Amino acid sequence: MSSAININLNIKGLIFDLDGVIADTAHLHYKAWCQIASQWKFDLSVDQNEKLKGVSRKNAMQKIAKWAGKSFSEKELEDFAEQKNTLYLDYCESLSHKDALPGVVSFIDECRRTGLKLAVGSASKNAKIILQKLQIIDLFQIVVDGNMVEKSKPHPEVFLKAAQFLKINPSDCVVFEDSQAGIQAALNAGMKNIGIGSSDLLNCNAHIQSFEKYNLKKLSTQINN
Ligand code: B16
Ligand code: MG
């Protein structure tokens, strides 16, 4: 039972980031990166990890090596990134429907009932695997992942591709993001955005702690103000 159909939203599509927005996987990326960094006796801090959110695997690897004061060849960096991915996928092995973040699936269901177009826009090359494990991949018209873009967030490519596929103008989209790079990518795409989680995120149109008790009525209040 929903009154959402009567809500004047002025938007046509929603684009969801994956890690930290739909899926509770951000801590698994962190755990895997920490294991790589520990080989060099380097402790990756929580603050440094925040700067890796929304960043492609390759760029994240370069950043960590720099913070650790290490200089590796391209090939060595690729090998470490590959090792990290093997660890990450191992940690993801046991993911299931319950690992979708609280409230997100019911919010997506409400959006579907109103006929809004829905996409995922993620830097992760593993996005489709994770969505399959969560058993929610069919809820989206398109999943644009890290395999489909050349430039990583804050470049807007991932979100623009999603809007293009959905056949809607960027200004008719709202992006949900948990990373500063992703918020910037949404702004660069000319899209409205809602920051999720950390209240330290800058430049979001609005912010929510999580999707718990969130609905389209609240979204309309946030974006029409
Ligand atoms: P992968 P998102 C991003 O996903 C993560 O936030 C970031 O920590 C990760 O490095 C990146 O995906 C690449 O992921 O190694 O799986 O290709 O937040 O854009 O959904
Ligand atoms: Mg994210």
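Predicted model: local features only at pLDDT ≥ 70, side-chain atom pairs only at ≥ 80, totals over all residues.
Local features here need pLDDT of at least 70 and side-chain atom pairs pLDDT 80 or more, while totals for chains, interfaces and linings use all residues. Residues are numbered from 1 along each chain as its sequence is written, chains are lettered from A and ligands numbered from 1 in the order in which they are written, and side-chain values use heavy atoms, without hydrogens or water.

Let's start with the overall layout. The domain assignment (automatic or from a database) gives domain 1 (3-24 + 98-223) and domain 2 (26-92). Their C-alpha centres lie 25 Å apart. Contact, meaning heavy atoms within 4.5 Å, links 13 residues of domain 1 with 13 residues of domain 2.

Now to the metal. The magnesium ion (ligand 2) has D17 (OD), D19 (O) and D178 (OD) as protein donors, at 2.0 to 2.2 Å. Donors are N, O and S atoms within 2.8 Å of the metal (3.2 Å for Na, K and Ca); water is not among the atoms, so sites may look incomplete. D17 sits in the loop between β1 (13-16) and α1 (26-38) and D178 in the loop between β4 (173-177) and α8 (180-188), so the pair ties together parts that are 161 residues apart in sequence. Helices (H or I, at least four residues) and strands (E, at least two) are DSSP runs, numbered from the N terminus.

The table gives relative accessible areas, where buried is under 20%, exposed over 50% and partly exposed in between (1.4 Å probe, protein chains only).

| Residue | Relative accessible area | Class |
|---|---|---|
| D17 | 3% | buried |
| D178 | 7% | buried |
| K41 | 79% | exposed |
| K167 | 72% | exposed |

Just after α8, G190 has a positive phi of about 80°.

The backbone has other points to look at. Most residues other than glycine have a negative phi, and most peptide bonds are trans. K41, in the loop between α1 and α2 (46-50), has a positive phi near 60°. K167, in the loop between α7 and β4, also has a positive phi, about 60°. A cis peptide bond joins K153 and P154, with omega about 20°; P154 is in the loop between β3 (142-144) and α7.
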